[in-house]
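Me: I am new to this structure and would like to learn how to read a few of its features, one after another. Could you take me through them slowly?

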Amino acid sequence: MNIEKLARLDLNLLVCLKILTEELNVTRAAHRLCLSQSAVSKNLAKLRDQFDDPLFVRQAHGLKPTPKALFLKPKLDALIHQLELLTQPEQFQPDSSDYKFQIAAVESVYPLILPHFLPEIFKRAPGVTISTHSWSDQTFKLLQKGEIDLGITGKDIDINDAKLTMLPPSDISEQEIYRDNQMCLLRADHPALSRPWTLEQFLSQRHVQVRCDGNDRWLLDYRLADIGKERDIAITVPDFNSAASLCSYTDFVFTAPSHFVKLASKQLNLAVLPLPLEFPPMAYTLFWHRDRENDPALAWLRQIIREKTTALR
């Protein structure tokens, strides 16, 4: 650690840089920082000297960040978030807190899980804010670095299945909050609806796949491989809603958690069929870093989530 170099860093300048990367406008940045425009401009000049880079280029409608500024932005976000944690009181007071929670969630959590606890959070803590992020193959790393507070996604229940699909790092704690089974989504006039829905019929169709955690294969594909079978994947997409939409104008079949399937079928007028294969349920699971087990704000949030999702279990 180069203490002398760190000692020369001006925290106020770093905060200014973070706000500039968000606003891309000196006037708006000055307003948020409660500074004059000239003061922000002077800070920007110091930052350019500090990082030996222009950081922003003026254009017609504001500032355009340089590659260096884009490189620094996620690092600044993480740094400022950690500094904010240092200023949090040891006791969390929800009715007066302005804590900003960072939550990563798989897409199906929004209609299925969030409605059970989100209203209660804002009822008890009206001043907090929540920033949500898509679940990705980087989420566990972000939890480990403290850039994400909590994560919610589906996880295979059996440890041997989880080893094939998604096994959390050893320093990540978890809590199951809901179990769900898989069902199939098809367009309302799909030809398969007029025939017996067997495994052979299922496998004769072309399928939509959602890429989860950077993986194109689900547990379903591993289970089919165990019996010498495989699905014909026509297209792989990044999210559940896109997959459901594809089923509305193609003969593709999408296999997904039953509550999402039922919701999408109502919204898009699609048909629902069971998965014609004995298959274990998956568990929607809450994840957090073990080192933050006793963090007052996160302990409060986890408690609410556990309370309000009890009925789902």
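**Reading cysteines, cores and helices**

Reply: Let us begin with one residue of this predicted model: cysteine 184 has 0% relative accessibility and therefore counts as buried.

Me: Which cysteine sulfur is nearest to that of cysteine 184?

Reply: In general, a disulfide is a covalent bond that joins the sulfur atoms of two cysteines. Here the nearest cysteine sulfur to cysteine 184 belongs to cysteine 247, 9.6 Å away, and cysteine 184 is in no disulfide. Cysteine 16, which counts as buried because its relative accessibility is 1%, is likewise in no disulfide, the nearest cysteine sulfur being that of cysteine 34 at 12 Å. The structure as a whole holds zero disulfides.

Me: Which residues touch the most other members of the largest nonpolar core?

Reply: As a general idea, nonpolar side chains in soluble globular proteins tend to be buried together. In this model the largest nonpolar core has 54 residues, and Phe101, Phe254 and Tyr284 touch the most other members. Helix 14 (residues 296-308) gives the most to this core, with six residues. There is also a second, separate core of 19 residues, with Leu20, Val26, Ala69 and Leu76 among them.

Me: At what angle do helix 3 and helix 4 pack?

Reply: Two packed helices are described by the angle and the distance between their axes. For helix 3 (residues 26-33) and helix 4 (residues 37-51), the angle is about 105 degrees and the axes are 9 Å apart, so the two helices are roughly perpendicular to each other. Val26, Thr27, Ala30 and Leu33 in helix 3 meet Gln37, Val40 and Ser41 in helix 4, a contact with four nonpolar, three polar and no charged residues.

Notes. Residues numbered from 1 in each chain as written. Predicted model: local features only at pLDDT ≥ 70, side-chain atom pairs only at ≥ 80, totals over all residues. Heavy atoms only, no water. Axes fitted to C-alpha atoms, helices over the stretch in contact; angles between N-to-C directions. Helix = DSSP H or I, 4+ residues; strand = E, 2+ residues; numbered from the N terminus. Parallel < 35°, antiparallel > 145°, perpendicular 65-115°, else oblique. Contact = heavy atoms within 4.5 Å. Nonpolar A, V, L, I, M, F, W, Y, C, P; charged D, E, K, R; others polar. Core = buried A, V, L, I, M, F, W, Y, C linked by side-chain atoms within 4.5 Å. Buried < 20%, exposed > 50% of the residue type's maximum accessible area, 1.4 Å probe, protein only. Disulfide = S-S within 2.5 Å.
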